[in-house]
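Trainee: I would like to learn how to read a protein model step by step, beginning with the whole chain and ending with single residues. Could we go through one together?

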Amino acid sequence: MKSTHKFFLFALMIVTSFSLNAQLVPGITIYDNATLGPNILENGSFEDYAVGPAPYCGFGCGPGWCHFGGCQSVFITDANDVICNFGGFTAVPAPVPVDGAKALKMFGDFGNGGFSVTGTFSNPNIPIKPGVAYQTSCYMYSPTEAYCPGDHIGTTDNFAEIHLEFKDAAGNLIEYINADVFTGANANGEWQEFTAAGIAPSNAAFATVIVLFLQPSNQGGAVFFDGVQLNEVRFPNAPTLGEWGILNLGLILLIIGIVAIRQVSISRAKVA
Ligand SMILES: [Ca+2]
């Protein structure tokens, strides 16, 4: 074998080797295979609060969160708390939090007889990286009607949501992503996890996580929230910049090799 052929064969072997080892950037479906970075929310499990009603009417902030809604429509509960201790119902133990010792409870404010919203959002805004995927999640709970009819939302229009909001450097909302909605159909006395994920826009600088209790028809019932997370989504198979360089070098060598072999073949044909 001529030395030129040996060189091109060697080059092709290198290209093939790098091509097999390099892993392409995964598409959107790789969310299933991604790993999550640490929770970047402050007090995402509400453990830094004291048990009891949030001491505000309308708006107020605590460790890592701010709240809005009617007077005392936001509570912090633990397993020693009781629910259904109102309206002639029989008091029963509050749900055991799914994460740690405390959970957040929200219900409507019954303020004006119309649509009301009670909400809790992370504060301050959380610095994020544009173009990077993030995931937020939380557990939600509403008791069965048999256990606590006063807090059960299964016979109401009430529902709850978790949003992930992306904001620009000035704090303006750019876009938000919803998880599935927690409705009366989910009020089965079990903690259930809800998740929303998406890629931060190119002009995003901050993220905010917000959980909402929505009361369209002035009806009773409550939803509990716990274990709220905001995580960077990491793709372990994504190539590093160095790996991208090796891949590109390999492709260049492949092209050079193909062209050179073609040149040698043409030359041989002419000699023949
Ligand atoms: Ca907790």
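Trainee: Among contacts in the chain between residues at least 6 apart in sequence, what percentage join residues at least 24 apart?

Mentor: Keep in mind that this is a predicted model. Of the contacts between residues at least 6 apart in sequence, 76% join residues at least 24 apart. The chain itself contains two helices and 16 strands, and 30% of its 272 residues count as buried.

Trainee: Where is the largest nonpolar core, and which of its residues have the most contacts inside it?

Mentor: A nonpolar core is a set of buried nonpolar residues joined through their C-beta atoms. In this chain the largest one has 40 residues, and those with the most contacts inside it are Cys138, Met140, Ala160, Val223, Phe224 and Phe225. The elements that give two or more residues to this core are strand 5 (74–78), strand 8 (102–107), strand 11 (133–141), strand 12 (159–167), strand 15 (206–215) and strand 16 (222–234).

Trainee: Which strands pair with strand 8, and in which sense, parallel or antiparallel?

Mentor: To read a pairing, look for the bridges and for the direction of the two strands. Strand 5 and strand 8 pair in the antiparallel sense over five bridges, and four bridges join strand 8 to strand 16, also running antiparallel.

Trainee: Why does Phe75 count as buried?

Mentor: The reasoning is a count of neighbours, and the cut-off for being buried is 20 or more other C-beta atoms within 10 Å. Phe75, whose place is in strand 5, has 20 C-beta neighbours inside 10 Å and therefore counts as buried. Not counting residues up to four places away in sequence, Phe75 touches Gly52, Pro53, Ala54 and Lys105. The C-alpha atoms of Phe75 and Ala103 are separated by 8.4 Å, although these residues are 28 apart along the chain.

Trainee: For contrast, how many C-beta neighbours does Glu193 have inside 10 Å?

Mentor: Glu193, found in strand 14 (residues 192–199), has 13 C-beta neighbours inside 10 Å, which means that Glu193 counts as partly exposed. With residues up to four places away in sequence left out, Glu193 touches Ser137 and Tyr139.

Trainee: Why is strand 12 described as largely enclosed?

Mentor: Strand 12 is largely enclosed by the rest of the structure because seven of its nine residues are buried. Nine bridges join strand 12 to strand 15, and these two strands run antiparallel; within this pairing Glu161 stands opposite Leu212. Strand 12 also pairs with strand 13 (residues 173–178) in the antiparallel sense, over five bridges, and there the bridge partner of Lys167 is Leu173. Strand 12 and strand 13 form a hairpin with five residues between them, and Gly171 in the turn has a positive phi of about 90°.

Trainee: How should I read backbone angles, and which peptide bond is cis?

Mentor: Most residues other than glycine have a negative phi, and most peptide bonds are trans. In this model the peptide bond from Asn123 to Pro124 is cis, with omega near 5°, and Pro124 lies in the loop between strand 9 (116–122) and strand 10 (126–127). Phe46 has a positive phi, near 65°, and is placed in the loop between strand 1 (35–36) and strand 2 (52–53). Phe46 is buried, because 27 other C-beta atoms lie within 10 Å. Cys84 likewise has a positive phi near 65°, in the loop between strand 6 (82–83) and strand 7 (92–93), and Cys84 counts as buried with 20 C-beta neighbours inside 10 Å.

Technical notes: Residues numbered from 1 in each chain as written. Predicted model: local features only at pLDDT ≥ 70, side-chain atom pairs only at ≥ 80, totals over all residues. Buried ≥ 20, exposed ≤ 12 C-beta atoms within 10 Å, placed from the backbone. Contact = placed C-beta atoms within 7 Å. Core = buried A, V, L, I, M, F, W, Y, C linked by C-beta atoms within 7 Å. Pairing = 2+ DSSP bridges.
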